[in-house]
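Reader: I would like to go through some labels in this model and ask what each one rests on. Can we start?

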Amino acid sequence: MVATVRPRTPAGAAGLVAGDRILAINGRALRDAIDFQFYGAEDRLVLSVDRDGARRTLRLTRGAARELGVELQPPRPGDIATCANKCVFCFIHQLPRGMRRSLYVKDDDFRLSFLHGNYITLSDLDEPSFERILEQRLSPLYVSVHATDPALRWTLLGRPRHSAEILPRLERLAKAGIRVHAQVVLCPGLNDGPHLERTVHELAPLHPHVATTAVVPVGLTRHRERLPALRTLTDAEAIALVDTVAGWQTRFRARLDSRFVFLGDEVYLQAGRPLPPAEAYEGFPIAEDGIGLVRRFEDGFVRTRVRPSVGRLRRVTVVSGTLYAPRLARLLEGLAWPGLHAPVVAVPNDFFGGSVAVAGLLTGQDIQRHLAARGDLGEAVLVPAVALRDGEGVFLDDLTPADVARALGVAVVAVGPDPRALLRALRGG
Ligand code: SF4
């Protein structure tokens, strides 16, 4: 289903409009957005379209344009392949009751992995889907490995119906030239220590097809009734992990010409260790998984030139999660703009509780309650846009920035995770 058509593009010129359902391209029936990309890659396209129940044929020539100019609607929850796993650390199992239904969708869909970088387990992937990945060369994919030991992986995935063995599947993808970004959600006492060592060293021979292995710490909320007992990394474990990964990176670099294994930003912050320099992230291919986001943001912040507003006192309150707030405060102190007063407020996450300390999971009610107790908030409150659901503009608890603004009596501005956006918001536009 077409969501938007940009003007002055091949799709716009062909007469495609929002709401059209594209049924086939050049006689090939479309199953989903991937087929649209795959069959839509040719220069001349004959589109069979359903518009308000009537069939139409539209002809489209790509010409020199790289993009067709079409945005498709995101898949509806019922169209997404979901997992039958019960991973011991699944974040969805740890959500409080009563949230929006779409937040409880346990997607494990190779199409979303290819299109949006979602991590999948491959545990329920049937043979036709596997063949489709190979045929359409859906690369790269993002795969939750967690452990290469089949018995341990079976436990971590919550005893899936099918085999939990991952290496044969990755080998098959590698043979077909499909690139994979692997992920390990690290659960102390379960898949760390020698298990992590085995996982990393059994994945490494598949490099460069397995391009990276991300090691990210488990996130635990306080809503874990009747779920397996788990704990987070201790500070000492975080420090040891930073050292271990640094050692592996040195060895892999010599052998594979890549550091191959990368550690989540949170672990460096918890360990109080310096973040690696930008070049150590080798182009930031898995930044969306929290690997190098902080380094990229802070380097960009220092490099970006935005002039302060001259002769104007600017007072704003900047909201962040408790994990990153101290670093953000130091970053803003270094700005030294005359007339700028921008305290950073670390908002604790009472909604999820537990170890959840990242800005992206802050809710409107926590921000509202915490700021209401502070008094003067200045001209505006800057909140992290990553805490708002894509395209919907609502926090996870369904409050909007406008709701929070009404309650606090001050403008609330969502600021994207981009240094220029933050600097502009600090300046006031
Ligand atoms: S694969 Fe595991 S972590 Fe992912 S949604 Fe399913 S149960 Fe949750």
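This is a predicted model: local features need pLDDT of at least 70, side-chain atom pairs count only at pLDDT 80 or more; totals for chains, interfaces and linings use all residues.

Reader: Which residues surround the ligand?

Author: They are Cys83, Asn85, Cys87, Cys90, Lys106 and Thr121. By class, this shell divides into three nonpolar, two polar and one charged.

Reader: What makes Cys87 count as buried or exposed?

Author: Buried means under 20% relative accessible area. Cys87 has 13% relative accessibility, so Cys87 counts as buried.

Reader: What about the largest nonpolar core?

Author: That core has 87 residues. Those with the most contacts inside it are Phe89, Leu170, Leu422 and Leu426. Helix α8, residues 235–256, gives the most to this core, with six residues.

Reader: Which residues is Leu426 in contact with, leaving aside neighbours within four places in sequence?

Author: Among them are Arg314, Val316, Val318, Trp337 and Leu382. A second, separate core has 17 residues, including Val319, Leu371, Val383 and Ala405.

Reader: Which residues of helix α13 are buried?

Author: Pro401, Val404, Ala405 and Leu408. Seen down the axis of α13, these buried residues fall within an arc of 100°, so they line one face of the helix. Their cover includes α12 (364–372) and β16 (411–415). Gly409 follows α13, and its phi is positive, near 70°.

Reader: What is the phi of Arg8?

Author: It is near 55°, a positive value in a residue other than glycine. Arg8 is in the loop between β1 and α1.

Reader: Why is Arg8 called exposed?

Author: Exposed means over 50% relative accessible area. Arg8 has 80% relative accessibility, so the label is exposed.

Reader: And Asp52: buried or exposed?

Author: Its relative accessible area is 80%, so Asp52 is exposed. Its phi is positive too, near 50°. Asp52 sits in the loop between β4 and β5.

Reader: Which peptide bond to Pro140 is cis?

Author: The one from Ser139, with omega near 5°. Pro140 lies in the loop between α4 and β8. The bond from His207 to Pro208 is also cis, with omega near 10°. Pro208 is in the loop between α7 and β10.

Notes
Residues are numbered from 1 along each chain as its sequence is written. Side-chain values use heavy atoms; hydrogens and water are left out. A residue is near a molecule or strand if one of its heavy atoms lies within 4 Å of it. Ala, Val, Leu, Ile, Met, Phe, Trp, Tyr, Cys and Pro count as nonpolar, Asp, Glu, Lys and Arg as charged, and the others, Gly among them, as polar. Buried means under 20% relative accessible area, exposed over 50%, partly exposed in between (1.4 Å probe, protein chains only). A nonpolar core is a set of buried Ala, Val, Leu, Ile, Met, Phe, Trp, Tyr and Cys residues joined through side-chain atoms within 4.5 Å. Helices (H or I, at least four residues) and strands (E, at least two) are DSSP runs, numbered from the N terminus. Contact means heavy atoms within 4.5 Å. The arc is that of the directions from the helix axis to the C-beta atoms.
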